[in-house]
Amino acid sequence: MADDGKWSGDVLARLSGAKKRYGDTVALDGLDLEVRRGELLAVLGPNGAGKTTAIGLLLGLQEPDAGDVELFGRSPHDLAARRGVGVMMQEVALPDALQVRDLVSMTSAYYPDPLSLEETLAQAGVEKLARRPYIKLSGGQKRQAQFALAICGRPQLIFLDEPTTGLDVTARETMWATLRRIVAGGASIVLTTHYIEEAEALADRVVVMAKGRGIAEGTVRDIRDLVVRKRIDCATVLDVAVIEAWPGIITTIREGIRVSITATDAEGVVRRLLDGDPALTDLEVRRAGLSEAFTELTQEAAE
Amino acid sequence: MTDAVVPPMPLIRVVRAYFSDAKYESLRLLRTPAFSVPILAMPILFYSFFGIMLAGRAGGGGQLANNLFVGWTVYGVMGPGLFGFGILVAVERNMGLMTFKRALPMPTGSYLAAKLMMAFVFAVVVMALLTIVGITIGHVTLPPMTLVRVAAIMSLGVIPACAVGLFIGAWAPASSAAAIANIVYLGMAFLSGLFFPLSGVMEKIRPIWPTYHLSQLARASAGMKSEGSPLVHLAILAALSAILVLLAARKLARRG
């Protein structure tokens with residue numbers, strides 16, 4: 001990175017072989033992660049997978065025990081690098097006697113070329129909260145205010161750690177729309193989430209983490225394709241024990257007359273179902289959603 | 001897409017960031033009654049009650065009134081720095097605000113500079129209130145220019161107060177920082193003879209308290225009889241502040 005503050009690389013942030021442990025707990029176990037220009041990267045993983053630690057390293061909040069951290073080609077401790085970054089953390093207590101507009105003004109003062117107060121409030125959808133003291137906001141409104149702080153500096157890279165937790169549907173739609181607009185404008189976003197539909201709706205690329213490592217990476221479709229599993233639902237009189245004996249069956253669950261089957265060989269199972277029960281109705285076969293794919297991947301990593 | 005991902009930060013904006021931090025730190029504490037009321041009202045109440053009512057009953061005339069006034073200004077200007085740093089640093093260390101601010105491109109030192117400015121702002125208000133009360137009902141007979149000089153010298157007292165506070169804030173657990181700051185605050189005020197004259201050992205060891213040196217500086221600036229040389233008092237306060245700040249910085253640098 002040249003000293004004039006310009007950065008022309010296509011990787012805005014990078015973790016290489018990052019390791020981090022807290023006492024006996026391994027938070028990161030050699031994680032490689034790249035954030036590319038103009039993409040929305042969703043980082044998925046169960047609690048304790050190391051998502052928040054990864055973001056903490058990229059922001060310079062923690063030091064890796066091993067491996068390298070780069071932000072705009074610099075150390076994250078470099079103020080110039082962090083001037084390109086906006087952040088919304090999971091647990092943060094802001095000075096709660098200040099009004100939302102004060103918090104925005106205070107935060108945007110740290111950036112070289114911030115949005116105006118009005119633009120920030122409008123993009124975050126918090127115009128109506130501008131004069132409310134932070135302490136008087138509901139949990140969801142606090143998240144919206146924190147989102148305003150993340151975008152106010154016109155950053156090229158935004159880290160959002162579980163941004164939509166506690167938001168109502170309207171607020172979440174507003175945030176999603178703003179995120180899409182920001183990415184369309186050329187900035188990059190790293191989003192950790194446990195809402196699978198959030199990744200499906202927004203992400204250009206998904207990284208699935210488990211136990212401190214990246215276990216899968218690709219587009220939403222790539223991640224789903226990694227898992228051959230399909231789900232078959234139908235109303236049948238066939239006995240669960242009979243179905244379970246077939247090849248390719250992973251689980252079978254009966255609820256009343258309905259049976260839900262997950263299987264690797266959907267076609268074979270459907271053939272046997274129809275042969276075994278000509279009166280079978282309500283047959284439905286679906287590719288596993290990201291949610292199921294995600295569960296399977298993280299379970300495999302845990303085994 | 002240009003390649004100027006991070007435009008350079010003009011110096012003027014860096015300076016503005018410091019000022020904006022100082023402004024919002026002061027604003028939020030003014031709006032926090034749990035902080036602003038004790039800091040602003042307690043010195044006035046104590047001074048009115050002990051310094052004016054009781055002393056008035058004892059009957060001592062102008063000299064006593066001036067002595068008491070100067071003693072209470074020391075008490076008043078120590079509060080904002082001691083509590084502003086002592087309690088807030090300890091609490092903010094634990095509640096994620098510092099983490100958030102470290103993630104932001106906040107200029108180096110702005111966190112502490114903002115608190116220092118806040119302490120100055122509060123100290124100036126406390127001094128102004130004490131002076132008004134002193135002149136109107138406290139029988140203070142110091143000439144206006146002397147009062148201004150006392151106020152100017154006393155606002156320097158914010159610095160050692162902040163140093164003591166920062167030391168407490170860096171080392172004390174958040175849950176007990178407020179109690180520790182209160183004990184240190186009142187303890188130093190009593191033990192340095194601000195409120196009433198001491199005798200014996202307590203009088204001899206007064207020079208270990210920063211408040212003693214500050215009060216001697218205040219007396220000297222008011223043209224009253226003072227002990228020791230003002231330059232020595234200044235040097236001791238400066239050295240003490242530097243040591244406390246260094247010890248605090250050592251703890252804070254450990255990212256605790």
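This is a predicted model: local features need pLDDT of at least 70, side-chain atom pairs count only at pLDDT 80 or more; totals for chains, interfaces and linings use all residues.
Along its principal axes, the C-alpha trace of chain B spans about 80 × 35 × 35 Å.

Let me turn to the secondary structure. Chain B comprises 11 helices and zero strands, so that its elements read α-α-α-α-α-α-α-α-α-α-α from the N terminus on. Of the contacts in chain B with a separation of 6 or more, 78% join residues 24 or more positions apart. As for burial, 43% of the 256 residues of chain B count as buried.

I take one element as an example, helix 7 of chain B. Its 14 residues, 158–171, should span 20 Å at 1.5 Å a residue, and the end C-alpha atoms are 20 Å apart, which agrees. Is this helix mostly covered or mostly exposed? Helix 7 of chain B is mostly covered, with 12 of its 14 residues buried. Among the buried residues are Val158(B), Pro160(B), Cys162(B), Leu166(B), Phe167(B) and Ile168(B).

Finally, the contact between the chains. Chain A contributes 33 residues to the contact, and chain B contributes 29 residues. On the side of chain A that touches chain B, the elements giving two or more residues are helix 2 (79–82) and helix 3 (100–108) of chain A. Helix 3 of chain A gives the most, with four residues.

Notes:
Residues are numbered from 1 along each chain as its sequence is written. Chains are lettered from A and ligands numbered from 1 in the order in which they are written. Two residues are in contact if their C-beta atoms, placed from the backbone, lie within 7 Å. The expected span of a helix is 1.5 Å times one less than its number of residues. A residue is buried if 20 or more other C-beta atoms lie within 10 Å of its own, exposed if 12 or fewer, and partly exposed in between; C-beta atoms are placed from the backbone.
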